[in-house]
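Trainee: Hi! I've just opened this one for the first time. Could you walk me through it?

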Amino acid sequence: MNPPRKILIARLSSIGDIILTTPLVRCVRQAYPDASITFLVKKKFSSLVSFNPNISEVIEFDDVKGRNELRVLARKLRREQFDWFIDIHRSLRTKYIRLNVRFGEVTSYHKRILLRTLLIKLGINRFKSVKPVFLRYFEAVESHGINYDNNGTEVFYSDDDRQTVERFLIPEGFIPQQKMVVICPGASYSNKQWLPERFAQLADRLVQNNGVFIVFLGGPSDTGLCGHIITMMKNRATNFAGRLTLLQSAALLNKSSLVITNDSGMMHLAQSQKRPVAAIFGATSRELGFFPLPEKSIVVEKEMPCRPCTHKGLDHCPRKHFNCMRLITTNDVIDAVEQMLAELSGSVIKG
């Protein structure tokens with residue numbers, strides 16, 4: 001079989017899912033260094049792959065333009081004459097593309113929908129092993145003998161992004177030699193968010209015990225949440241939520257010593273910068289495949305018979321008690337975080 005000359009990889013959304021495709025993209029590039037690799041993604045997320053050196057071209061899908069935009073996209077893809085379509089989304093839209101564009105080869109991966117439904121809806125766990133989603137993606141390329149290289153995820157940004165972040169930090173009083181802890185208290189759904197008052201307690205303890213510089217980070221929808229948490233704090237913290245683009249956020253995370261997040265896109269963005277991550281998980285669980293990569297990470301969670309209650313998240317607790325998050329105390333998280341900080345400094349931090 002001749003090696004593919006033109007490869008199309010599709011993952012339309014969202015932040016975390018797109019970041020989790022980057023190991024596959026890198027390994028496909030390693031296998032076929034001379035191929036043209038095109039990445040298909042929603043326009044609002046395209047920056048996540050715009051500077052990726054393993055990608056030859058990015059095609060943006062503007063979903064806000066309506067149904068006709070999908071037909072326009074299909075016509076464009078037909079003209080490109082791709083040898084291989086790697087569908088890492090398996091949505092109705094990518095199915096439409098598969099049906100309306102001729103490709104030399106089409107491959108995808110197994111989404112485990114039945115196993116996931118049994119676990120969430122009935123509490124029946126039939127997962128024989130826990131396989132992270134980014135490794136499941138490699139099922140789409142195993143016929144080509146392409147395997148994971150153990151080098152994690154990656155998001156690239158420009159020098160302008162880095163310089164912008166540095167300009168923003170200086171007026172906030174950040175000293176380059178100081179440890180910076182970035183806290184990302186938001187998530188796409190409220191039942192994936194730890195309690196705001198505990199984030200405030202956690203941030204205060206980290207300042208008092210460890211003298212770290214605290215930055216709150218998130219998207220525009222997290223601005224109010226981060227501001228509210230800061231009003232509950234006794235110590236100073238900086239609110240960058242809504243002030244930075246995705247790539248500027250990556251540049252900021254790259255400067256941090258440690259990142260504290262919920263199950264969110266910011267968690268995956270932090271890991272793409274090889275930052276240590278303390279992730280707080282409630283409604284979702286390891287079986288669903290979105291836990292942080294094990295390198296430089298720790299998950300704080302409470303085992304609950306009702307976990308997981310959702311795949312993507314909900315805006316309420318189905319049992320109305322929210323124990324999966326409510327029972328995670330400030331001490332639970334501070335103990336995990338201070339141990340990570342101690343390992344970073346090479347000595348035990350006492351507080």
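Trainee: Where does Leu24 sit?
Mentor: Leu24 belongs to helix α2, which covers residues 22–31.

Trainee: And what does Leu24 touch, leaving aside its neighbours within four places in sequence?
Mentor: Leu24 is in contact with Ile9, Ile86, Ile88, Tyr137, Phe138 and Val141.

Trainee: Nice. Can we zoom out? How many helices and strands are in the protein chain?
Mentor: The chain has 14 helices and eleven strands. Its radius of gyration is 21 Å, close to the 20 Å that the globule rule gives for 351 residues, so the chain is as compact as a globular protein of that length. The C-alpha trace spans about 60 × 50 × 40 Å along its principal axes.

Trainee: How much of the chain is buried?
Mentor: Buried residues account for 56% of the 351. As for contacts between residues at least 6 apart in sequence, 66% of them join residues at least 24 apart.

Trainee: OK, sheets next. What is the strand order in the sheet of five strands?
Mentor: The order is β3-β2-β1-β4-β5, in an open sheet with parallel pairing. The edge strands, β3 (57–61) and β5, each pair on one side only. From one strand to the next, the twist averages 20°.

Trainee: Which helices pack there?
Mentor: One is α4 (residues 68–80), which packs on the sheet by touching β1, β2 and β3, and its direction makes about 155° with that of β3. Another is α5 (residues 92–100), lying across β1, β2, β3, β4 and β5 at about 165° to β4.

Trainee: Tell me about β4. Which way do its residues point?
Mentor: In β4 (residues 84–87), Trp84 and Ile86 point one way while Phe85 and Asp87 point the other, and all of them are buried. In general, side chains of a regular strand alternate between the two faces of the sheet.

Trainee: What does β4 pair with?
Mentor: On β1 (residues 6–10), four bridges join it to β4 in parallel, and Ile7 stands opposite Trp84. With β5 (residues 105–107), β4 pairs in the parallel sense over three bridges, and there Phe85 stands opposite Val106.

Trainee: And the other sheet? In what order do its six strands come?
Mentor: They come as β8-β7-β6-β9-β10-β11, again an open sheet with parallel pairing. Its edge strands are β8 (238–239) and β11 (297–300). Further in, β9 (residues 258–262) and β10 (residues 277–280) pair over four bridges, with Ile260 opposite Ala278.

Trainee: Which helix packs on that sheet, touching β9, β10 and β11?
Mentor: That's α14 (residues 330–345), which touches β6 (180–184) as well, and its direction makes about 170° with that of β11. The helix has 16 residues and reaches 22 Å from its first C-alpha to its last, close to the 22 Å expected. Its buried residues include Val333, Ile334, Glu338 and Leu341, and what covers the buried residues of α14 includes α9 (196–210) along with β6, β9, β10 and β11.

Trainee: Switching topic: where is Phe174 found?
Mentor: Phe174 is in the loop between α8 (159–169) and β6. At 15% relative accessibility, Phe174 counts as buried. Beyond residues up to four places away in sequence, Phe174 touches Leu169, Met180 and Phe213. The C-alpha atoms of Phe174 and Thr238 are separated by 9.7 Å, and those two residues are 64 apart along the chain.

Trainee: Last one. What is the average pLDDT of the chain?
Mentor: The average is 95, and 98% of the residues score at least 70. Over residues 347–351, though, the pLDDT is below 50, and that stretch has eight contacts in the model beyond near neighbours in sequence. Where pLDDT is low, the predicted coordinates should not be read in detail.

How values were computed. Residues numbered from 1 in each chain as written. Predicted model: local features only at pLDDT ≥ 70, side-chain atom pairs only at ≥ 80, totals over all residues. Heavy atoms only, no water. Pairing = 2+ DSSP bridges. Helix = DSSP H or I, 4+ residues; strand = E, 2+ residues; numbered from the N terminus. Contact = heavy atoms within 4.5 Å. Axes fitted to C-alpha atoms, helices over the stretch in contact; angles between N-to-C directions. Buried < 20%, exposed > 50% of the residue type's maximum accessible area, 1.4 Å probe, protein only. pLDDT = per-residue confidence, 0-100. Expected span 1.5 Å × (residues − 1). Rg over C-alpha atoms; globule rule 2.2 N^0.38 Å.
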